[in-house]
Amino acid sequence: MVNTSVELSGIRLENPIIPASGTFGYGYEFAGLYDINCLGTFSFKGTTLEPRFGNPTPRIAETSAGMLNAVGLQNPGVQQVIAQELPRLRGVFHKPVMANVSGFSVEDYARTCALLDREEQVGWLEVNISCPNVHGGGMSFGTSPESAAEVTRAVKAVTTKPVYMKLSPNVTDIAAIAKACEAAGADGISLINTLQGMRIDPKTRRPVLANQTGGLSGPAIFPVAVRMVYQVYEAVRIPVIGMGGVSTARDVIELMLAGATAVEVGAANLVDPFACRNIIDDLPRVMEQYGIQDLKEIIGGAHHG
């Protein structure tokens with residue numbers, strides 16, 4: 001019997017599979033399809049201090065090996081999440097959940113995280129300094145070690161729960177930014193978020209997205225995710241959550257060998273709402289195929305033969 005459990009900052013997960021923020025709502029939307037308690041946990045929809053309508057439409061575009069999105073952090077705001085979304089979630093999900101937080105200033109991040117830190121069901125805070133689809137926030141904090149560290153310090157000063165900084169692949173040195181977050185007190189690193197991309201309609205000769213650019217996700221970015229998880233694992237001593245184009249149990253094994261302790265699944269949920277459940281079901285078979293008895297033993301396995 002194989003062991004699929006892992007540990008993330010002292011909290012045991014039955015398996016390493018985590019639906020990624022923005023692809024799983026606040027959980028109850030999927031609970032009508034299957035028992036979401038089979039998940040290790042999930043990262044709920046990116047939440048900001050104030051409500052956001054998001055970007056104008058169109059804000060989704062297909063690509064040959066993935067999709068572009070420029071949703072723009074549409075969410076009801078942290079007060080509404082605490083008052084309505086989390087109580088509703090408690091009825092269908094009985095494990096600690098990962099709270100994904102975005103902001104437009106260091107103070108925004110700190111205030112939102114402080115509020116969510118008080119919620120009993122929140123097990124971890126995933127601080128998104130990597131969203132490419134908003135102006136004046138998100139990714140602007142994640143493109144330099146100094147600004148990434150500033151947000152990390154501010155959030156850690158007002159929280160007690162593990163803080164995972166979600167990093168952007170749209171940088172030249174991902175390891176330097178991860179190291180800066182670690183030095184500023186981060187408990188873990190999540191990566192990668194989407195890559196910036198664009199589609200142009202030959203008929204209109206204009207960008208397909210109203211935002212012009214969007215975040216590329218899906219299988220096209222998986223090799224980039226593997227490379228960056230590998231690099232960050234070598235650079236830091238805190239846990240890494242890997243993501244980016246994951247759609248199979250084999251992908252999970254590959255990212256864990258690169259250095260991920262847990263693995264988030266994003267765009268695959270939008271293609272098949274049962275994607276995470278199917279990966280979890282298939283994971284023991286794939287582990288046996290590769291002679292793996294305990295997932296914890298393969299974390300970073302590609303680094304030491």
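**Exercise 1. The helix pair**

Given that helices H4 and H5 cross in a right-handed sense, find the angle at which they pack and the distance between their axes.

*Solution.* The model is predicted, so that local features need pLDDT of at least 70 and side-chain atom pairs count only at pLDDT 80 or more, whereas totals for chains, interfaces and linings use all residues. Residues are numbered from 1 along each chain as its sequence is written, and side-chain values use heavy atoms, with hydrogens and water left out.

Step 1. Helices (H or I, at least four residues) and strands (E, at least two) are DSSP runs numbered from the N terminus, and a crossing is right-handed if the near helix is turned clockwise from the far one by less than a right angle, left-handed if anticlockwise.

Step 2. H4 covers residues 145-156 and H5 residues 174-183, and the two pack at about 30° with their axes 8 Å apart; axes are lines fitted to C-alpha atoms, for helices over the stretch in contact, and angles run from 0 to 180 degrees between N-to-C directions.

Step 3. H4 and H5 are therefore roughly parallel to each other, a term for angles under 35 degrees.

Step 4. On the H4 side the contact (heavy atoms within 4.5 Å) is made by Pro-145, Ala-148, Ala-149 and Thr-152, and on the H5 side by Ala-176, Ile-177, Ala-180 and Cys-181.

Step 5. These contact residues divide into 7 nonpolar, 1 polar and no charged, where Ala, Val, Leu, Ile, Met, Phe, Trp, Tyr, Cys and Pro count as nonpolar, Asp, Glu, Lys and Arg as charged, and the others, Gly among them, as polar.

**Exercise 2. The sheet and helix H7**

State the strand order of the open sheet, and then decide which strands of the sheet helix H7 touches.

*Solution.* Step 1. The sheet has 7 strands in the order S3-S15-S14-S9-S8-S7-S6, with parallel pairing; two strands pair if DSSP finds at least two bridges between them.

Step 1. From one strand to the next, the twist averages 25°.

Step 2. Helix H7 (residues 249-258) packs on this sheet, where H7 touches S3, S14 (240-243) and S15 (262-265), and the direction of H7 makes about 135° with that of S15.

Step 3. Because 7 of the 10 residues of H7 are buried, the helix is largely enclosed by the rest of the structure; buried means under 20% relative accessible area, exposed over 50%, and partly exposed in between, with a 1.4 Å probe and protein chains only.

Step 4. The buried residues of H7 are Ala-249, Asp-251, Val-252, Ile-253, Leu-255, Met-256 and Ala-258, and their cover includes S1 (6-8), H6 (222-235) and H9 (275-289).

**Exercise 3. Backbone exceptions**

Locate the cis peptide bond that joins Thr-57 and Pro-58, and determine whether Leu-73, with its positive phi, is buried or exposed.

*Solution.* Step 1. Most residues other than glycine have a negative phi, and most peptide bonds are trans.

Step 1. The Thr-57 to Pro-58 bond has an omega of about -5°, and Pro-58 is found in the loop between H1 (28-31) and S4 (60-63).

Step 2. Leu-73, although not a glycine, has a phi of about 60°; this residue lies in the loop between S5 (66-69) and H2 (78-90).

Step 3. With a relative accessible area of 12%, Leu-73 is buried.

How values were computed
Angles under 35 degrees count as roughly parallel, over 145 as roughly antiparallel, 65 to 115 as roughly perpendicular and the rest as oblique.
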